[in-house]
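Hi everyone, thanks for coming. Today I'd like to walk you through one structure, a few residues at a time, so please have a look at it first.

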Amino acid sequence: MIEIIPAIDIIGGKCVRLSQGDYEQQKTYSEHPLEVAKAFEDNGIKRLHLVDLDGAKAKRIINYKVLEQIASKTSLVVDFGGGLKSQSDLKIAFESGAQMITGGSIAIKSPEIFAQWLSEFGASRIILGADCKDEKIAISGWVEKTEEEIIPFISKWKKQGVSQVICTDIAKDGMLQGPSIDLYKKILEAEKDIYLVASGGVSCIKDIDDLQELGVPAVIFGKAFYEGKITFKELKTYL
């Protein structure tokens, strides 16, 4: 059964969604992220993907108070990402209750630091963030595109111990046009035993069904739920 993981993206302490990572295309869904997290927990969700969008822009952790609230007042397993660049950022994230963190930009810009995190905390706590556009890695809150191809990037880090990857196709993110099935198929064919978390583009429950059929181990969803296109009742199948 595919693992379903809702996303809460934070700007200014509020629960928001962007379209294609564009900070100018921002929609606020709730001023109380903790209440949103509790609703997920109450409906049987076990894991949450929490993204500090302010942090991604500022290149340092910012919304750790929201993380602290959710981690201390729910039993959700929180994976946290956005702007984690240093040992002190990581320390704050873990001390604030994150059980896992996602590092994307740092794996490109400071690979030695990311490798150190992997050896220090282990693959169960350090997730590789592989966000891409046209199958090339994009970093720094998606404002920077690199020439690094996604599959070699994942393969390289898998050799260094990464076991879990969150892959977002930026072209699909927040657009409600369906996930990048072809991209995920290629990744799974290249790296059969990676725990691939598909992210971006989920528009309805059928998209989750399709990802499960493909053999994707986990999926992150956000906007489709907040816009009422996926309901808790439909999600029950996967809980």
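Let me begin with a term: two strands pair if DSSP finds at least two bridges between them. With that in mind, look at strand β6, residues 100-103, and strand β7, residues 126-133: they pair in the parallel sense over three bridges. Please remember as we go that this is a predicted model.

Now for the other neighbour of β6. Strand β5, residues 77-81, is joined to β6 by three bridges, and these two strands run parallel. If you want a landmark on each side, Gly81 stands opposite Thr102 in β6, and Gly103 stands opposite Leu128 in β7. Helix α4, residues 87-95, comes in here too: β5, α4 and β6 make a right-handed β-α-β unit.

Why does Gly103 count as buried? Its relative accessibility is 1%, and buried means under 20%. Leaving aside neighbours within four places in sequence, Gly103 is in contact with Phe114, Ile127, Leu128 and Gly129.

Phe114 takes us to the aromatic rings. The structure holds ten aromatic pairs. One of them is Phe114 with Trp157: the ring centres are 4.9 Å apart and the planes stand at 90 degrees, so this pair is edge-to-face. Phe114 lies in helix α6, residues 111-121, and Trp157 in helix α7, residues 150-159, so the pair ties together parts that are 43 residues apart in sequence. Both of these residues are buried.

Elsewhere, one aromatic cluster is formed by Tyr29, Phe40, Phe221, Phe225, Tyr226 and Phe232.

Arg125 lies over the face of Phe94, 4.0 Å from the ring centre. The charged end of Lys57 sits over the ring of Tyr23, at 4.4 Å from its centre.

Where is Arg47 found? It is in strand β4, residues 47-52, and with a relative accessible area of 4% Arg47 is buried. What do we find around the Arg47 side chain? There is a polar contact of 2.9 Å with the side chain of Asp79, and another of 2.8 Å with the side chain of Gln164. Not counting residues up to four places away in sequence, Arg47 touches a list of residues including Met100, Ile127 and Tyr195.

My last stop is Asp9, in strand β1, residues 3-11. Asp9 counts as buried too, at 9% relative accessibility. A polar contact of 2.7 Å joins its side chain to that of Arg17. Beyond four places in sequence, Asp9 also touches residues such as Val51 and Leu53.

That's my tour, and I'm happy to take questions.

How values were computed: Residues are numbered from 1 along each chain as its sequence is written. This is a predicted model: local features need pLDDT of at least 70, side-chain atom pairs count only at pLDDT 80 or more; totals for chains, interfaces and linings use all residues. Side-chain values use heavy atoms; hydrogens and water are left out. Helices (H or I, at least four residues) and strands (E, at least two) are DSSP runs, numbered from the N terminus. A crossover is right-handed if, with the strands pointing away from the viewer, the path from the first strand over the helix to the second runs clockwise. Rings of Phe, Tyr and Trp (its six-membered ring) pair if their centres lie within 6.5 Å; planes under 30 degrees apart count as stacked, over 60 as edge-to-face and the rest as tilted. Buried means under 20% relative accessible area, exposed over 50%, partly exposed in between (1.4 Å probe, protein chains only). A charge sits over a ring if NZ of Lys or CZ of Arg is within 6 Å of the ring centre and within 35 degrees of the ring normal. A polar contact is a pair of N or O atoms within 3.5 Å; within protein, one must be able to donate a hydrogen and the other to accept it, and residues adjacent in sequence count only if both atoms are side-chain atoms. Contact means heavy atoms within 4.5 Å.
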